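Let us read a protein model together. Look at the sequence and the structure first.

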Amino acid sequence: MFTGGNVTARVFERQIRSPPPGASVNCARRFYENLVPSFTLYDVESPDHSFRKFTDDGLFLISFSRNHQELVVYRPSWLSYSCSNGDHSSSSSSDNLPRRASRFDSFFTQLYSVSLASANELICKDFFLYLQSHHFGLFATSTAQIHDSAPSPGAVTGVPSIDKITFTLLRLDDGVILDERVFLHDFVNLAHNMGVFLYDDLLTILSLRFQRIHVLQIRDSGNLVDVRAIGYFCREDDELFIDSNSQGMTTRDKNKLQTIPGNSGDHSENGLHETQPNAENSSFLSGIKQRLLSFIFREIWNEQSDKTLRVQCLKKKFYFHFQDYVNLIIWKVQFLDRHHLLIKFGSVDGGVARNADHHPAFFAVYNMETTNIVAFYQLKYLKNKTSSFSQFVKKMLVSLPFSCQSQSPSPYFDQSLFRFDEKLISAADRHRQSTDHPIKFISRRQPQTLKFKIKPGPECGSTDGRNKKICSFLFHPHLPLAISVQQTLFMPPSVVNIHFRR
């Protein structure tokens, strides 16, 4: 196996040796051990924007204006310049670069700026999804969040409300808005794409307040088309079936039927969800909740063949916890494939908390075609919480279902190639506490070899240690190019550094 560190030797070996089956991507990524962002331009003169991320194909850099009203899209380009024959091996000095090379527009070309938000709405700067096959981008704007909102029919008590949430589908090639969807007096968790998941051309939007999973399809034309809605009803004709069977009922039965969510006849402006009565005032459970309870019951029933033991088991495992199961709400949803959803259930408090690590959670696999729960998993408290394996299991379970497109695909975050301090930087799309010390990327194959360093903030470090600083990192998906943005919590402007291979 090749053990050298020379790019020429790697290229030669690639010509004479084929990678093992299924290992071509990993073999290609090893080239990044030699192609690293080894040079830094500090405090680059850049637009006063909030930089979001590179698209996964590297064609666009997404950013938002400081007032969170406009979308600004850039095309990444590569710096082209001439330098003298002198020493240009320094990783921080820009003496050998022309003045224009130290500017932001030497690396990025602005394509357009589009207004997305109305006067009382703001762009959610933590939300963005990219449909790579069509170069479509999905953005979200919303009004302010209301924590102490008035009770609403069908709304889960304790979940905040947002007067208006708008999802905008935009073609990134030219900035044309293709379609929009509006949610009124609802709550969708937009932070880090947690409430929305994209799989191929299918999109799920979880209404946390009304406990409904909206499944949409993104057509080639750029239209958002309703596929189904999962919640109080699971099949498209469930409501029609109930309405058709209401004929011949007594007045008392009809009054009960009116309390079924969706039968009140009051529809939202966009047609995405019906106004639904409070769960505690309804004599019916939602369709998804009934299927969950039925699956749990059948699983416990099949555990015992003896009738006496079966009854005792049902009393202990099902009826004793029945109300706890009824009180569960959907926290998060993820596509497993085009027909199955991974659904995370938990308490209301855990659904709206910033950190749900200490709240019990349950996982269910739901088949959208058959409308059945096909698997259910209850998390158990780990006895040995101090072991590294237990901590790893807990960390993985907390992260499920995964937030869509929340990990950087950059090869410099490949743990098989580089080792780095995950407390300071990682592939996760999160802000990090900034440090005045460079972040080191060390070779995994040669543990004593420092491959490159990333230092956010000013070159000489910060002179003001009183203000807490945070930092975000935007790595290009395949070029040795990265942006670090350091800022204080409440005091812009930011310090923007560009890290690249010279």
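The model is predicted: local features need pLDDT of at least 70, side-chain atom pairs count only at pLDDT 80 or more, and totals for chains, interfaces and linings use all residues. Residues are numbered from 1 along each chain as its sequence is written, and side-chain values use heavy atoms, leaving out hydrogens and water.

Me: Is Ile165 buried or exposed?
Reply: Ile165 lies in strand S10, residues 161-171. Strands are DSSP runs (E, at least two residues), and helices are too (H or I, at least four), numbered from the N terminus. Buried means under 20% relative accessible area, exposed over 50%, partly exposed in between (1.4 Å probe, protein chains only). The relative accessible area of Ile165 is 0%, so Ile165 is buried.

Me: How far apart are the C-alpha atoms of Ile165 and Phe187?
Reply: Contact means heavy atoms within 4.5 Å. Leaving aside neighbours within four places in sequence, Ile165 is in contact with residues including Phe183, Phe187 and Leu190. Ile165 and Phe187 are 22 residues apart along the chain, and their C-alpha atoms are separated by 8.0 Å.

Me: What is the relative accessible area of Phe392?
Reply: Phe392 lies in helix H9, residues 388-399. Phe392 is partly exposed, with a relative accessible area of 49%.

Me: At what angle do H5 and H6 pack?
Reply: Two packed helices are described by the angle between their axes and the distance between the axes. Axes are lines fitted to C-alpha atoms, for helices over the stretch in contact, and angles run from 0 to 180 degrees between N-to-C directions. The axes of H5 (residues 287-301) and H6 (residues 307-319) are 9 Å apart, and the angle is about 145 degrees.
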